[in-house]
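Here is a short report on the strands, helices and backbone of one protein model. Have the coordinates open while reading.

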Amino acid sequence: MQFSLVATDKQSKARAGVVQTDHGAIETPIFMPVGTAGTVKAVHQRELKEDIKAEIILGNTYHLYLRPGLNVLEQAGGLHKFNGWDRPILTDSGGYQVFSLAGTRKIKEEGVKFKSHLDGSSLDFTPENVMDTQRIIGADIIMAFDECTPYPCDYTYAKNSMERTHRWLQRCVDRFDSTEPKYGYSQTLFPIVQGSTYKDLRVKSAETIASFGREGNAIGGLSVGEPAEMMYEMTEVVCDILPKDKPRYLMGVGTPANILENIALGVDMFDCVLPTRNARNGMLFTTQGIVNIRNKKWADDYSPIDAELGGYVSTFYTKAYLRHLVHSSEYLGGQIASVHNLTFYLWLVKQAREQIINGTFRDWKDVMVKKLMTRL
């Protein structure tokens with residue numbers, strides 16, 4: 001994997017770049033739709049490519065390990081062949097599940113014991129077998145195994161967790177570098193910065209992660225309930241330390257405003273379930289602001305969902321029709337809303353990229369943040 005910078009904004013730390021993988025180029029800043037179990041919920045691969053214009057999607061190691069299982073994925077020739085997606089894929093290591101399944105897991109130096117959320121069976125994740133698992137899944141970018149600490153988090157716990165994450169990283173690197181990709185294309189490993197909301201821990205973690213000299217780096221443990229301003233503070237601290245010539249991936253973020261503010265701080269890559277999860281609940285992100293399509297005011301609004309955004313679903317279907325589908329619990333409502341929201345997110349980062357290249361990003365960002373968070 002290679003990363004090249006195309007432009008940097010003179011009034012902020014925003015950057016436009018290109019990540020080159022064996023499955024194609026990714027123009028940054030980029031938003032990556034989340035396909036937890038090998039699918040972006042309710043969205044066809046054709047829609048992802050042609051309508052949404054996604055350049056990379058995510059899979060989740062924990063969920064794919066459980067279903068369909070590694071044997072099925074390996075026999076298929078990896079996740080790309082299994083789900084028919086021929087562009088880049090990134091896999092989360094399962095570290096977020098260490099956080100989200102807190103009631104059913106035990107963390108030790110060796111790794112983490114889980115109970116499967118499907119049948120309660122016992123699972124062991126270690127830095128080594130998580131690397132092996134991601135090799136089999138076949139993602140272009142794989143994540144180091146870490147612990148995502150909760151918020152709020154006691155300083156001592158955050159420090160001990162961060163140090164263990166660093167020790168796990170060394171084991172991940174050793175295993176990754178001693179094994180080969182399975183399917184004839186290269187894979188790359190991103191370490192993850194942790195340290196909760198403590199500046200000194202974030203500095204230490206960012207310095208440690210940077211010292212490994214991998215092709216890209218990730219920032220984890222934010223967007224877990226801390227105030228947005230705290231997220232921005234920690235992101236800025238970390239971005240100022242991580243190498244400028246490597247892509248920076250902020251995990252699990254966020255709202256349109258979060259994305260724009262973090263682009264301004266030097267982040268290149270984002271993912272979040274928000275656009276699809278909120279879509280299924282009737283919340284739409286549009287070029288004019290936020291729409292709760294369940295509200296009665298849209299019942300007789302026959303204008304397109306978002307004429308300015310363009311794209312098939314956003315211009316073909318009306319707000320009134322989408323409201324009817326959502327109120328009727330029709331599956332098509334969730335599909336339309338999901339495709340629309342993801343199209344909006346990819347449009348947003350593409351607009352940000354153009355503004356960075358044109359040298360107009362900061363002023364544009366300040367206007368857009370207010371506009372996009374307005375409830376219509």
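## Burial and strand 2

A residue counts as buried when its relative accessible area is under 20%. By that cut-off, six of the seven residues of strand 2 are buried, so strand 2 is largely enclosed by the rest of the structure. The model is a predicted one.

Strand 1 and strand 2 run antiparallel and are joined by six bridges. They form a hairpin with six residues between them. Ser4 has Val18 of strand 2 as its bridge partner. Strand 2 (residues 15-21) and strand 3 also run antiparallel, joined by five bridges. Their hairpin has two residues between the strands. Here Val18 stands opposite Glu27 in strand 3, and Val19 has Ile26 as its bridge partner.

Strand 4 pairs with strand 15 (residues 269-272) in the parallel sense, over four bridges. Ile30 stands opposite Met269 in strand 15.

## Helix 9 against helix 10

Helix 9 (residues 228-239) also packs with helix 10 (residues 256-264). The angle is about 25 degrees, and the axes are 10 Å apart. Angles under 35 degrees count as roughly parallel. Helix 9 and helix 10 are therefore roughly parallel to each other.

The crossing of helix 9 past helix 10 is right-handed. On the helix 9 side, the contact is made by Ala228, Met231, Tyr232 and Thr235. Helix 10 supplies Ala257, Asn258, Glu261 and Asn262.

## The nonpolar core

In soluble globular proteins, nonpolar side chains tend to be buried together. The largest nonpolar core here has 107 residues. Phe31, Leu90, Met143, Tyr249, Leu260 and Ile263 touch the most other members. Helix 14 gives the most to this core, with 12 residues.

What does Phe31 contact, leaving aside its neighbours within four places in sequence? The contacts are Ile56, Val253, Ile259, Phe270, Asp271, Cys272, Pro275, Leu342, Tyr345, Leu346 and Val349.

## Around Leu274

Leu274 lies in helix 11 (residues 274-280). Not counting residues up to four places away in sequence, Leu274 touches Gly254, Thr255, Ala279, Phe285 and Tyr345. Leu274 and Ala54 are 220 residues apart in sequence. In space they are 16 Å apart, C-alpha to C-alpha.

## Backbone exceptions

Most residues other than glycine have a negative phi, and most peptide bonds are trans. Several sites are worth checking against that background. The peptide bond from Val253 to Gly254 is cis, with omega near 5 degrees. Gly254 lies in the loop between strand 14 and helix 10. Tyr151 and Pro152 are also joined by a cis peptide bond, with omega about -5 degrees. Pro152 is in the loop between strand 10 (141-143) and helix 7 (155-177).

Ala42 has a positive phi, near 70 degrees. This residue is found in the loop between strand 4 and helix 1 (45-52). Ser196 has a positive phi too, near 55 degrees. Ser196 lies in the loop between strand 12 and helix 8 (199-211). Which of these is buried, and which partly exposed? Ser196 is buried, with a relative accessible area of 2%. Ala42 is partly exposed, at 34%.

Technical notes: Residues are numbered from 1 along each chain as its sequence is written. This is a predicted model: local features need pLDDT of at least 70, side-chain atom pairs count only at pLDDT 80 or more; totals for chains, interfaces and linings use all residues. Side-chain values use heavy atoms; hydrogens and water are left out. Two strands pair if DSSP finds at least two bridges between them. A nonpolar core is a set of buried Ala, Val, Leu, Ile, Met, Phe, Trp, Tyr and Cys residues joined through side-chain atoms within 4.5 Å. Buried means under 20% relative accessible area, exposed over 50%, partly exposed in between (1.4 Å probe, protein chains only). Contact means heavy atoms within 4.5 Å. Axes are lines fitted to C-alpha atoms, for helices over the stretch in contact, and angles run from 0 to 180 degrees between N-to-C directions. Angles under 35 degrees count as roughly parallel, over 145 as roughly antiparallel, 65 to 115 as roughly perpendicular and the rest as oblique. A crossing is left-handed if the near helix is turned anticlockwise from the far one by less than a right angle, and right-handed if clockwise.
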